[in-house]
Amino acid sequence: MDRSRPYPIWPFLLSVIFCFRGYVEWKYIRETRQHQVSMLLAAVSLCFTGLMILILLLKY
């Protein structure tokens, strides 16, 4: 793996994990409202992934 070029798959996988965690928290322990934090982290991670893909498309 070339370290000089960013790979958007890692932030995307992280956002998928946060989405799954948020869904499970929403489904089973809704009263704690912890799912809102997980969904917010997933949204931020998806935005970061999109920005990384946009930078890669403009650069190459």
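Predicted model: local features only at pLDDT ≥ 70, side-chain atom pairs only at ≥ 80, totals over all residues.
Trainee: Let's start on the outside. Which residues form a nonpolar patch on the surface?

Mentor: A nonpolar patch groups nonpolar side chains that have over 30% relative accessible area. Here the patch is made of Y7, I9, W10, F12, L13, V16 and L46, and together they have about 630 Å² of accessible area.

Trainee: And which helix gives the most to that nonpolar patch?

Mentor: That's helix α1, which covers residues 9–28 and supplies 5 residues.

Trainee: How do I read F12: buried, partly exposed or exposed?

Mentor: The idea is to check the relative accessible area: under 20% is buried, over 50% is exposed, and in between is partly exposed. F12 has 38%, so it is partly exposed. L46, a patch member that lies in helix α2, gets the label partly exposed because its relative accessibility is 41%.

Trainee: What does L46 touch, if I skip residues up to four places away in sequence?

Mentor: Skipping those shows you where parts of the chain meet. L46 touches F12 and S15. Have a look at P11 as well: L46 and P11 are 35 residues apart in sequence, yet their C-alpha atoms are 7.4 Å apart in space.

Trainee: Now charges. How many salt bridges does a search of the whole structure find?

Mentor: For this feature you look for a side-chain nitrogen of Lys or Arg within 4 Å of a carboxyl oxygen of Asp or Glu. The search finds 1. It joins E25 and R21, with the closest N and O atoms 3.0 Å apart.

Trainee: Where do E25 and R21 lie?

Mentor: Both lie in helix α1, 4 residues apart, which is about one turn of the helix.

Trainee: One more residue, T49. Why does T49 count as buried?

Mentor: Use the same cut-off, under 20%. T49 has 4% relative accessibility, so it counts as buried. You'll find T49 in helix α2, residues 34–59.

Trainee: What is T49 in contact with, leaving aside neighbours within four places in sequence?

Mentor: T49 is in contact with P8, P11 and F12. There's also a polar pair to spot: a polar atom of the T49 side chain lies 2.8 Å from the backbone oxygen of S45.

Key:
Residues numbered from 1 in each chain as written. Heavy atoms only, no water. Patch = residues over 30% accessible without salt bridge, like charges linked within 9 Å, V, L, I, M, F, W, Y side chains within 5 Å. Areas by Shrake-Rupley, 256 points an atom, 1.4 Å probe, with all protein chains shown as cover. Helix = DSSP H or I, 4+ residues; strand = E, 2+ residues; numbered from the N terminus. Buried < 20%, exposed > 50% of the residue type's maximum accessible area, 1.4 Å probe, protein only. Polar contact = N/O pair within 3.5 Å; in protein donor to acceptor, adjacent residues only side chain to side chain. Contact = heavy atoms within 4.5 Å.
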